[in-house]
Amino acid sequence: MKKVFIDTMGCQMNKSDTERMLGMLSHFDYEETKEPEQADLLMINTCSIRQLSEDKAFSAVGTWGKWKKEGKNIKIGFCGCVAQQKAQEIFKRAPYVDFVLGTHKIYSLPEIIKRINNGEKVCECTETNSTEDDLAKKYEIERVKGVNAWIPITEGCNNFCTYCIVPYTRGRERSRQPEIIIKEAQDALDAGFKEITLLGQNVDSYGKDFKDKNYRLAELLKDLNALEGKFRIRFVTSYPTDITDELIQTALELDKVCEYFHIPMQSGSTEVLKAMNRRYTREEYAEIVKKVREKIADVTITSDFIAGFPGETEEQFVETLTAIDEFELDYSNVAAYSPREKTVAARWVDKYIPEDVKNERFQRLNKKIQENCLKSNLKYVNREMEVLVENFYEHKGKMINTGKTRNFKTVHIPCDKDLTGEFVNVKITGAKTWYLKGEII
Ligand code: SAH
Ligand code: SF4
Ligand code: F3S
């Protein structure tokens with residue numbers, strides 16, 4: 001067996017691609033190693049959402065390039081979103097790379113490995129705009145054993161928000177066939193997984209491209225919910241205005257679908273949202289959050305925000321802070337705006353916010369998010385909740401199990417027994433900013 005190391009830098013979709021690549025390679029005598037020094041094949045699965053992530057990718061492969069120069073017999077692959085975007089250019093910047101593989105043809109990996117082993121340099125970055133399901137059927141995914149299985153249901157995005165590179169790195173939106181998704185879920189459950197998370201840049205537009213207009217996310221959830229056994233279902237990410245009443249009702253009615261929605265708002269200001277090409281106002285976003293909360297008890301709603309979008313005034317930024325309070329957002333990811341090649345907003349150079357102002361807004365946003373996170377966690381003290389345990393480790397001489405509630409709260413449970421993969425009922429005994437403490441009952 002040869003050894004492969006993959007450094008995964010991006011989102012869940014990127015992680016899911018890594019999982020697929022490892023699955024395929026396992027059919028070709030490669031096993032995974034977590035130690036780059038021991039690998040025969042080193043791959044980086046890159047993210048280009050911000051300049052920083054792109055820069056990190058080049059510095060990481062630089063180290064491997066040095067090893068190669070020193071005479072180590074290794075092959076190096078540059079994959080993912082930066083690869084899709086830069087293609088041949090990668091070879092100029094990092095000549096020691098053996099292959100560049102974009103996001104559209106990951107199933108050509110076995111072929112690529114054959115070619116590089118014959119001394120070729122390979123670049124596979126053409127856009128296909130189809131899903132790769134036919135090819136996928138050839139290679140069963142061999143997931144590394146775990147609790148949560150990520151399953152992509154849509155690939156790509158048609159929204160073209162003015163700041164975002166994803167439509168350029170992942171292509172147009174396309175939905176995977178339900179039978180393939182259901183089979184993948186069943187295989188994961190058979191392998192002992194306890195949670196299925198459906199992935200898509202825009203998960204609630206699933207099925208928009210099908211001839212059968214009646215099969216959408218709600219229908220897929222119903223089919224998955226009907227699979228046997230005890231397990232949980234989640235889905236991320238939701239575009240605010242694509243969340244239909246039917247979807248909320250379905251999520252409420254299906255016992256395995258958890259009380260959790262990730263609904264990125266990006267900004268609290270309607271004018272900024274317009275400049276971002278998001279298709280909703282502050283008020284429309286508020287309406288959707290209200291609907292979800294009214295229907296689904298204890299639902300956790302999380303969001304993403306960008307600090308310092310070009311032209312954002314102090315007043316508009318403050319609208320983001322007030323949105324977090326007003327809509328009681330339980331947690332949000334925040335990023336300082338980073339101009340990305342090809343995107344519309346990157347051309348508005350004269351409106352760029354100075355770095356120090358952007359960073360200051362980033363800090364203030366983080367502070368607000370932390371406050372709200374604690375407030376949200378405090379609501380659950382003394383409540384009984386079901387936790388699916390994901391990890392077991394030692395902390396300051398004590399053994400701890402950590403896991404998630406149905407509504408995506410992290411709970412730390414002191415207990416000497418490894419309960420990974422089990423559902424346990426706990427009483428919440430305390431709340432911190434980032435987690436709850438619990439005792440088994
Ligand atoms: N499809 C999801 C987002 C996927 S990208 C949605 O529409 O909400 C993940 C997050 O990265 C985005 O929500 C956004 O907050 C952030 N992001 C995207 N492009 C960015 C950029 N140029 N600068 C800073 N953050 C960015
Ligand atoms: Fe990017 Fe917007 Fe598509 Fe999300 S919806 S992936 S932010 S273009
Ligand atoms: Fe994901 Fe980053 Fe690509 S967020 S889709 S890996 S640009």
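The questions below go through domains, sheets, salt bridges and a ligand.

Reply: First, the ground rules: this is a predicted model, in which local features need pLDDT of at least 70, side-chain atom pairs count only at pLDDT 80 or more, and totals for chains, interfaces and linings use all residues. Residues are numbered from 1 along each chain as its sequence is written, chains are lettered from A and ligands numbered from 1 in the order in which they are written, and side-chain values use heavy atoms, with hydrogens and water left out.

Me: What distance separates the centres of domain 1 and domain 3?
Reply: Domain bounds come from an automatic or database domain assignment. That assignment gives domain 1 (2-124), domain 2 (133-378) and domain 3 (384-440). Taken over C-alpha atoms, the centres of domain 1 and domain 3 are separated by 36 Å.

Me: Which residue in strand 13 is the bridge partner of Tyr 260?
Reply: Another open sheet has three strands in the order 12-13-14, paired in parallel. Its edges are strand 12 (260-262) and strand 14 (331-336). Three bridges join strand 12 to strand 13 (residues 300-307). In strand 13, the bridge partner of Tyr 260 is Thr 300.

Me: How many salt bridges does the structure hold?
Reply: A salt bridge needs a side-chain nitrogen of Lys or Arg within 4 Å of a carboxyl oxygen of Asp or Glu. One of them joins Asp 187 and Lys 183, at 2.8 Å from N to O. The structure holds 33.

Me: Why are Asp 187 and Lys 183 separated by about one helical turn?
Reply: Both sit in helix 8 (residues 178-190). The separation is about one turn because they are four residues apart.

Me: Which helix holds Arg 364, the salt-bridge partner of Glu 314?
Reply: The closest N and O atoms of Glu 314 and Arg 364 are 2.7 Å apart. The pair links distant parts of the chain, 50 residues apart. Glu 314 lies in helix 13 (residues 314-326), while Arg 364 lies in helix 14 (residues 355-378).

Me: Is Lys 358 buried or exposed?
Reply: Buried means under 20% relative accessible area, exposed over 50%, and partly exposed in between (1.4 Å probe, protein chains only). Lys 358 forms a salt bridge with Glu 355, with the closest N and O atoms 3.1 Å apart. Glu 355 is exposed, at 52%. Lys 358 has a relative accessible area of 6%, so Lys 358 is buried.

Me: How many charged residues are in the shell around ligand 2?
Reply: Asp, Glu, Lys and Arg count as charged, Ala, Val, Leu, Ile, Met, Phe, Trp, Tyr, Cys and Pro as nonpolar, and the others, Gly among them, as polar. A residue is near a molecule if one of its heavy atoms lies within 4 Å of it. The residues around ligand 2 include Cys 157, Phe 160, Gln 201 and Arg 278. The shell has seven nonpolar and two polar residues, and the number of charged ones is one.

Definitions and conventions: Helices (H or I, at least four residues) and strands (E, at least two) are DSSP runs, numbered from the N terminus. Two strands pair if DSSP finds at least two bridges between them.
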